[in-house]
Amino acid sequence: MRESAAALAPPGETVGPLERGLAVLRTMAGDPDSRLRASDLARTTGLARSTVDRIALTLARLGYLRSDGRDLMLAPRLMELGNAYLASCGLPGALEPHAIALADELDESVSIAVPDGDGVRFITQATRRRAMALAFRIGDLLPAERCAPGAVFAAGWDGADRTRWLTRRGQDPLDTGFPAVPPRVPPLRPDRTEAAFEARVREAADLGWSTDDQLIEPGLVAVAHAVRDPAGTPVCALSVVSHTSRHSAQSLREHALPRLRLAAAAMEEALRAPSRPAAPPVTSAAADTGTGLKAELGPDFLQSLARGLTVLRALGAARGGLTLTAVAAAAALPRASARRSLLTLQHLGYVRADEGAFTLLPRVLELGYARLSRLSFGEIVRPHLAELTGQVRESASVAVLDGDEIRYVERVPTARIMSVDITVGTRFAAYATSMGRVLLASLPAPERAARLARITFEPLTRHTVTTPGALADILESVARDGHALVDEELEEGLRSVAMPLRDGSGRTIAAVNVSQHAGRATRQQFLEAVLPHLAAAVARTEADLAVAAERQHIAAP
């Protein structure tokens with residue numbers, strides 16, 4: 001039996017901590033640096049400082065914020081929320097292969113965007129690597145009147161939609177509420193802008209496509225085509241984007257439109273095909289409602305905020321939405337708690353209720369997704385290395401296997417009078433290092449044997465292993481134990497322990513180590529003091545990498 005959205009409680013039953021927590025996340029995401037102090041958040045949101053402190057503590061313990069001194073920053077794990085929307089809508093999974101094929105065929109950047117109020121939000125990118133990069137970030141929001149997809153979507157607006165658009169235009173004539181686009185430069189002629197847009201909308205209604213002739217910024221041109229669901233409603237727009245150094249708006253249209261039409265038709269066919277069950281989005285704790293953290297932290301931890309975010313993530317578990325009962329089950333929450341969270345999310349524009357099914361809306365992507373989706377491997381890894389260094393007061397590093405050597409790609413040194421002096425880019429023989437042994441041990445057995453056979457062993461110190469058989473035995477132990485300890489084999493006085501760093505599929509992509517001077521502790525003391533912190537840092541890093549890599553490729557340098 002379908003559950004009626006009308007059965008939900010009135011807005012008076014919204015969850016205040018959830019509403020305030022999302023306000024803090026929106027403020028953080030809207031800041032140019034996404035780096036604010038609690039006092040800044042209190043001033044911007046109008047919340048009491050004590051409230052902001054409790055929200056920040058809760059979000060930090062959930063892995064969505066991190067601190068650097070007194071500054072608060074968005075953490076990669078916050079992308080769980082946006083990934084939930086992208087999984088539930090089903091569009092990236094069904095349509096992205098067609099976008100990539102079109103980008104390869106045209107040798108131009110291609111994007112897929114969806115309507116979001118009177119704006120356009122990007123959900124998929126297939127970019128071309130050029131000196132003049134032309135790409136928006138997944139989650140970026142553009143005003144409808146300043147991009148090609150906007151005219152395509154506005155062709156289906158009703159009177160209320162147009163009124164909302166005109167109201168926004170009057171309140172924000174410079175487009176300052178759209179950080180992805182350059183603000184308009186006075187003097188402005190709103191009447192001309194609106195008339196020109198409405199003319200483009202009428203044309204898009206007739207043709208099914210529209211062009212952008214440097215509306216966003218000088219030099220950028222695009223053509224977009226509607227992609228319709230089986231009912232004939234445009235659900236997204238497929239765009240080809242170029243630069244005036246390569247195409248005028250007219251030449252891009254002539255070059256791209258025939259193939260664009262074919263790709264849009266193929267996408268519509270894909271949407272008509274029976275949908276496969278959605279793979280659940282990667283989450284740090286899919287059913288963690290904060291009960292354990294509440295017991296640990298007491299009243300400073302906002303469990304109702306944690307529960308509301310769990311509900312949001314739970315909605316990513318299925319395409320087409322979930323009933324209230326299904327949401328409560330997926331979130332492991334009482335039905336009444338799930339109901340209040342859904343009401344709050346619906347009130348804030350993150351969820352739609354339609355005939356008893358609750359679905360996520362693209363506005364979820366405003367919660368930091370655009371900024372976080374551009375993080376590099378180093379930007380994700382470095383904060384965890386810094387935290388690890390602070391915990392063990394020793395230098396921490398990340399390296400990758402490069403031939404028969406390791407190459408350092410990230411490093412956070414400790415502040416000591418006597419410390420290990422290694423920099424990013426340094427190379428060492430893999431067989432004589434802890435990170436090298438972890439990486440060699442992770443190779444398939446035939447490849448590992450081939451590598452060992454070609455290594456030229458050198459007695460770097462009196463402790464160095466110098467035979468393939470001895471190293472093979474060590475690598476078997478490393479693979480079994482999950483870590484490698486090297487004691488004065490690379491250099492006298494240098495000791496280190498390393499663990500593998502794996503991606504979401506379990507493949508080893510790098511290694512993390514902690515190194516120290518051997519005179520500061522015995523081997524056993526070193527392992528007991530360092531290994532638990534190293535394992536925790538690796539787990540946190542892998543969790544962030546898995547979430548961040550769900551919709552884009554992230555590789556170690």
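Is Asp-53 buried, partly exposed or exposed? I looked it up, and Asp-53 counts as partly exposed at 35% relative accessibility. Buried means under 20% relative accessible area, exposed over 50%, and partly exposed in between, with a 1.4 Å probe and protein chains only.

**Ground rules**

I noted that this is a predicted model, where local features need pLDDT of at least 70, side-chain atom pairs count only at pLDDT 80 or more, and totals for chains, interfaces and linings use all residues. Residues are numbered from 1 along each chain as its sequence is written, and side-chain values use heavy atoms, with hydrogens and water left out.

**Entry: salt bridges**

I searched the whole structure and got 39 salt bridges. A salt bridge here is a side-chain nitrogen of Lys or Arg within 4 Å of a carboxyl oxygen of Asp or Glu.

I began with Asp-53. Its side chain forms a salt bridge with that of Arg-49, at 3.0 Å from N to O. Both residues sit in helix 3 (residues 49-61), 4 residues apart, which means about one helical turn separates them. Helices (H or I, at least four residues) and strands (E, at least two) are DSSP runs, numbered from the N terminus. Arg-49 is partly exposed, at 44% relative accessibility.

Next I took Asp-402 and Arg-407. Their side chains meet in a salt bridge of 3.1 Å, N to O. Asp-402 is partly exposed, with a relative accessible area of 26%.

Then I turned to Arg-184 and Asp-175, whose side chains form a salt bridge at 3.0 Å, N to O. Arg-184 counts as buried at 19% relative accessibility. Asp-175 is buried too, at 1%. Through shared partners, salt bridges join Asp-175 and Arg-184 with Asp-118, Glu-145, Arg-146, Arg-168, Arg-169 and Glu-194 in one network.

**Entry: helix 15 against helix 19**

I checked how helix 15 (residues 377-392) packs on helix 19 (residues 523-548). The angle is about 160°, and the axes are 10 Å apart. Helix 15 is therefore roughly antiparallel to helix 19. Axes are lines fitted to C-alpha atoms, for helices over the stretch in contact, and angles run from 0 to 180 degrees between N-to-C directions. Angles under 35 degrees count as roughly parallel, over 145 as roughly antiparallel, 65 to 115 as roughly perpendicular and the rest as oblique.

The crossing is right-handed. That term applies if the near helix is turned clockwise from the far one by less than a right angle, and left-handed if anticlockwise.

I listed the contacts, meaning heavy atoms within 4.5 Å. On the helix 15 side they include Phe-377, Ile-380 and His-384; on the helix 19 side, Ala-529, His-533 and Arg-540 are among them. By class, this contact has 11 nonpolar, 4 polar and 3 charged residues. Ala, Val, Leu, Ile, Met, Phe, Trp, Tyr, Cys and Pro count as nonpolar, Asp, Glu, Lys and Arg as charged, and the others, Gly among them, as polar.

**Entry: helix 11 against helix 12**

How do the axes of helix 11 (residues 303-314) and helix 12 cross? They come within 9 Å and cross at roughly 110°. The two helices are therefore roughly perpendicular to each other. This crossing is right-handed. Thr-310, Val-311 and Ala-314 of helix 11 meet Val-327, Ala-330 and Ala-331 of helix 12. The classes are 5 nonpolar, 1 polar and no charged residues.

**Entry: positive phi**

Most residues other than glycine have a negative phi. I looked up two residues with a positive one. Ser-34 is not a glycine, yet its phi is about 50°. Ser-34 lies in the loop between helix 1 (16-30) and strand 1 (35-37), and is buried at 3% relative accessibility. Ala-332 has a phi near 55°. Ala-332 is in the loop between helix 12 (324-331) and helix 13 (335-347).

**Entry: two single residues**

I looked up Asn-513 in strand 17 (residues 508-517). Asn-513 is buried, with a relative accessible area of 3%. Leaving aside neighbours within four places in sequence, its contacts include Ser-395, Tyr-408, Met-435 and Val-497.

Arg-363 counts as partly exposed, at 27% relative accessibility. Arg-363 and Tyr-85 are 278 residues apart in sequence, but 8.9 Å apart in space, C-alpha to C-alpha. Not counting residues up to four places away, Arg-363 touches Arg-26, Asp-116, Arg-121, Leu-348, Gly-349 and Tyr-350.
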